[in-house]
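Me: Please take a close look at one part of this model: its surface. Give each term its cut-offs as you go.

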Amino acid sequence: MPETPREPFSWRARRQSFVYAFRGMWRLIRHEHNAWIHLVAAAGVIAAGAWWRIERWEWTAIIFAIGAVLAAEAFN
């Protein structure tokens, strides 16, 4: 199977992809009411983690879980 030609790497294209990603996240937060609830819950969890000075690996798990919940909300 022949390879399809790829466009050369471009910093401008990379930057634009981040612009689109942040625009999508902003749209999710502005228009999806359940995302607001998830963000408030995430802020509470982060505050509780800071209060109890949880370990670095626990922070990793929490950040991963928050990201997974927001990603699921975006797909929904």
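Reply: Buried means under 20% relative accessible area, exposed means over 50%, and partly exposed lies in between (1.4 Å probe, protein chains only). By that scale, 9% of the 76 residues in the protein chain are buried.

The model is predicted: local features need pLDDT of at least 70, side-chain atom pairs count only at pLDDT 80 or more, and totals for chains, interfaces and linings use all residues. Residues are numbered from 1 along each chain as its sequence is written, and side-chain values use heavy atoms, leaving out hydrogens and water.

The protein chain has 3 helices and 0 strands, where helices (H or I, at least four residues) and strands (E, at least two) are DSSP runs numbered from the N terminus. Its radius of gyration is 18 Å, well over the 11 Å that the globule rule gives for 76 residues, so the chain is more spread out than a compact globule. That radius is taken over C-alpha atoms; the rule is 2.2 Å times the number of residues to the power 0.38. Along the principal axes, the C-alpha atoms fill a box of roughly 55 × 30 × 25 Å.

Now the surface itself. The chain exposes about 7,300 Å², and carbon and sulfur atoms supply 66% of that. Accessible areas come from the Shrake-Rupley method with a 1.4 Å probe; for residues, only the protein chains shown count as cover.

Phe18, Phe22 and Met25 form a nonpolar surface patch, with about 350 Å² of accessible area together. Patch residues have over 30% relative accessible area and no salt bridge; like charges are joined within 9 Å, nonpolar side chains (Val, Leu, Ile, Met, Phe, Trp, Tyr) within 5 Å. A salt bridge puts a side-chain nitrogen of Lys or Arg within 4 Å of a carboxyl oxygen of Asp or Glu. Met25 sits in helix H1 (residues 11-31). Its relative accessible area is 44%, so Met25 is partly exposed.

Asn34 belongs to helix H2 (residues 33-51). It counts as partly exposed because its relative accessibility is 42%.

Arg53 lies in the loop between H2 and helix H3 (56-75). At 72% relative accessible area, Arg53 is exposed. Its phi is positive, about 50 degrees, although Arg53 is not a glycine. Most residues other than glycine have a negative phi.
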